[in-house]
Structures are given as structure tokens and as C-alpha cells.
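I opened this notebook to keep track of what I looked up, entry by entry. Each entry takes one topic.

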Amino acid sequence: MDLLHYPASRLPPFRCTYPHRPVSTSLRRSFTVRSSLDLPFPEEKAKYYRELQAAVDVVERACRLCVDVKKSLFSSNGQILEKIDQTPVTVADFGVQALVSMELRNLFPSIPLVAEEDSASVRANNLVNSVVNVVTDKARFGDKQLTEADVLEAIDRGGKDAFVFGLNPATYWVLDPIDGTRGFLKGCESLYVVGLALVVEGEIVLGVMGCPNWQEDYSQPSTTEVQKYENILSGAGTIMVSHVGYGTWKKRLSDIQSSKAKMPHNWTRCFVDVCHVVDEARFCIPESQTWETLPLSAVYDATTETENVGKKQIHLLPTCCGSLCKYFMVASGRASVFILRARTQTIIKAWDHAVGIICVREAGGKVTDWRGSQLDLAADQVERRVLFPSGGVLVTNGSLHNQILGMISSSLPVV
């Protein structure tokens, strides 16, 4: 059975049996992660339990790094840059990549990292000391003093040309240090995500998304209750985790840090919504694209007015920057559909989608390109950094997937 096709079930998670492919020897080495963190499924059955523990631990610390940097971002000079592609990048991006890279290298030295940044901008803009300072505050290296060389090497470990994969199946981490950096640079209510996934022999086996500004009412028993985007307030934030065959779960970031983290019942199971009618669905699209550029616009108009969705209109959620927060919304049941058009001038990067794919699928949803094919993480055979989805990416609650694929197909030119 293809691991990526396994649907998240609404049966109790502890009864799930799931065939796994043999784990690579690089995942068998002994290591220690923070023992105070329990996950919401049994360690003896979840094959990648300790890898997920390590990922949750480092993503939580990365989120705290982001929050700390953001507090000083607008009062310190030289901490906001423009990358070559004109998307802003901050000390936090580099700091998160360095932190995650160092921690994972210590635990899993033979597993490479595919990540967004490299150290060229850090060096060129004299930001090395700033990055070292924010990483030192969150890293765990005992009495060892981090050096500039340590941090720069850690950043470049995930950068372009750091590792050549070739044609064979591979095991590697995929990191987006901050997805939605423009959101990070906006007000405190804007959403951004730290995303980390593990790929084993071409299959995504676990994922962690940390969203420091996400907040909802965890006292409610239902995980599919929709909350209006306008009511999202700055708060404790949320971390979302997924393990192949064991579903998608979420917990307050503050609970990860607290003494209550030992209690597995603090986790809440995530499910996609149950909407099965397209014009009743809640849609997300990239902030760089308009509804009129998408195939469904030939059938439906779009409105962001929650109370005034008319006939032949769909509800378009005014979500913020980056792709991963849209995956987060679909996996948590807040949105029904995320649709992205692949444009010739835009390269679609693996780190913008990898962790979102497993979180949505394990919550019961579906992710394909516009022709219904699975996204091929190995399409970039050398570096595993680029995706080539036909037409674009379609993320849904599963129930709507074939209907929307049909609408897309009917509007695309015959090739």
C-alpha cells in the first residue's frame, strides 16, 4: 500500500495497523530527545515516534525564536532584507534554519536537509552575529560556545548544492524555516508557519507545523468547528503534527512548553471538514493570485463576505501569506479547499508543500496536481528542491476533490 494514500480515519487512532516499508539504517541509531514530550499515539506502534518527538521539540523552539525576533524586528536596524526573488527574509529565517539544522544533524547526522536558505545573504549583510545570538538562545549544546562558523555551516547544510541525491530513493528532512515571511513582517495577527517534514524513500512519513499566531477554542469537543478568520487573535499559537497512519493532531504551543506536555490527552485530533457541495465550501488561494485567474472562476464568482455568499458564488477566505498556513487551515477543518495555479515564471518549492501534504492527508484530505496525479517529491532528481505539478496544486477535504478536478479539466485546453 502506498503510504501517502492512507486516509485519516475517524476510528480511534490506537487501533490503526499500517504496513511500513523498511526503515533506512540511518534512522536506527540511538539518540535522546526531550523525554517530557508525549505524542498522542503509542510509541511502540508508531514507527517514527522518536523522529517526530525530535521534530516537535525543535519546531517549538524555532517558533519561540521567531516570536523573540519579531518583538525586536521593527526597532532594530538591519534585520529585514530582500532576497533576490523579492520576498523579505529576516534574521528569524536564517536563525530557524541554523537551529533546526544543528539539532537534526546532532541526532541524525547521516540524514541530509533540504531547506530554503543559504548563508550568502547573511555574510553579505553582516548579519552573522545577529543570527548567532538568536540561535544560541534556543540551541541545546551544553557548555559549547556556538561560533559564526558553526551557524553558517548549519545554514548551508540545507542550502542549494549541499547534497546531491541522484535517482535512488532517499531519506531526508524538508524544512521551510518561515513560510509566509511577509506575514511574519506584518502585524501580530498575521499567520506564518515553521514547517518540517521527513521523507523516507520517497514517502512523507511525518510532519510538524508550528503557527505562533494561530488561536482557537480548544475547549470545544469538535475539531471541525469553523472560526472566522477575522476573529483570529494573537495568542499561544498552535503546533500541528502528523505521523503516517496515525492521523494529524494539534496542541497549543504553550502546552508544549508547560509541565502539562507529558499528558497525551492535551492533543486534539484534526479532521478536514465534511463539506461536499462546492458552492458551500470555503476556499483559500495564494495572495499573489486572483480568483479570476483560476479555472473555477468560469463557474463561480468569489466573495470574502461571510454572510453574503450568493448563488453561483463561493466563500473565499482572506488568509495571509505562504502556502503552509492554507494547508494548516484545510487540515484543521477551517477551510475546505486550497487551490494554487502553477505559473511559468514561478518555481514551486518542495518546502512550501511537503509538510502540508502529510498533515492534510492524515486529516482525511487529498492533495494532487490539477490532473489528479500525486505530487512527485523526487521530480527534481538531483536536489529534491523543486516540484513540477501539472497545472497547479489542489488541496481539498477529499469529498470535493473529484468535483473540482472535473471543473478544472473541463476548462483546461486539450493537450
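This is a predicted model: local features need pLDDT of at least 70, side-chain atom pairs count only at pLDDT 80 or more; totals for chains, interfaces and linings use all residues.

**Entry 1: an aromatic cluster**

Residues are numbered from 1 along each chain as its sequence is written, and side-chain values use heavy atoms, with hydrogens and water left out.

Searching the whole structure, I found nine aromatic pairs; rings of Phe, Tyr and Trp (its six-membered ring) pair if their centres lie within 6.5 Å, and planes under 30 degrees apart count as stacked, over 60 as edge-to-face and the rest as tilted. The ring centres of Phe 41 and Tyr 49 are 6.1 Å apart and the planes stand at 85 degrees, so I logged this pair as edge-to-face. Ring pairs also bring in Tyr 246, which forms a cluster with Phe 41 and Tyr 49.

**Entry 2: charges over rings**

Next I looked for a charge over a ring, which requires NZ of Lys or CZ of Arg within 6 Å of the ring centre and within 35 degrees of the ring normal. Lys 70 lies over the face of Phe 184, at 5.6 Å from the ring centre, and Arg 334 lies over the face of Trp 214, at 3.9 Å from the ring centre.

**Entry 3: the cores**

Which residues have the most contacts inside the largest nonpolar core? I listed Val 56, Val 135, Trp 173, Phe 184, Leu 196, Met 209 and Tyr 327, in a core of 112 residues; such a core is a set of buried Ala, Val, Leu, Ile, Met, Phe, Trp, Tyr and Cys residues joined through side-chain atoms within 4.5 Å. Helix H1 (residues 49-73) gives the most to this core, with 13 residues, helices (H or I, at least four residues) and strands (E, at least two) being DSSP runs numbered from the N terminus. Apart from this core lies another, of 19 residues, including Ala 281, Phe 283, Leu 296 and Leu 316.

Setting aside neighbours within four places in sequence, I found Trp 173 in contact (heavy atoms within 4.5 Å) with residues including Glu 51, Phe 108, Leu 196 and Leu 198. Glu 51 has its place in helix H1 and counts as buried, at 4% relative accessibility.

**Entry 4: strands around S12**

I then followed S12 (residues 313-316), which pairs in the parallel sense with S10 (residues 282-284) over two bridges; two strands pair if DSSP finds at least two bridges between them. Arg 282 stands opposite His 315 in S12. S11 (residues 301-303) also pairs with S12 in the parallel sense, over three bridges, and Ala 302 stands opposite Ile 314 there.

Is Asn 126 buried or exposed? Asn 126 is exposed, with a relative accessible area of 69%, and lies in the loop between helix H3 (120-124) and helix H4 (128-138), with a positive phi near 55 degrees. Arg 384 has a positive phi near 60 degrees, but counts as buried, at 3% relative accessibility.

Notes: Buried means under 20% relative accessible area, exposed over 50%, partly exposed in between (1.4 Å probe, protein chains only).
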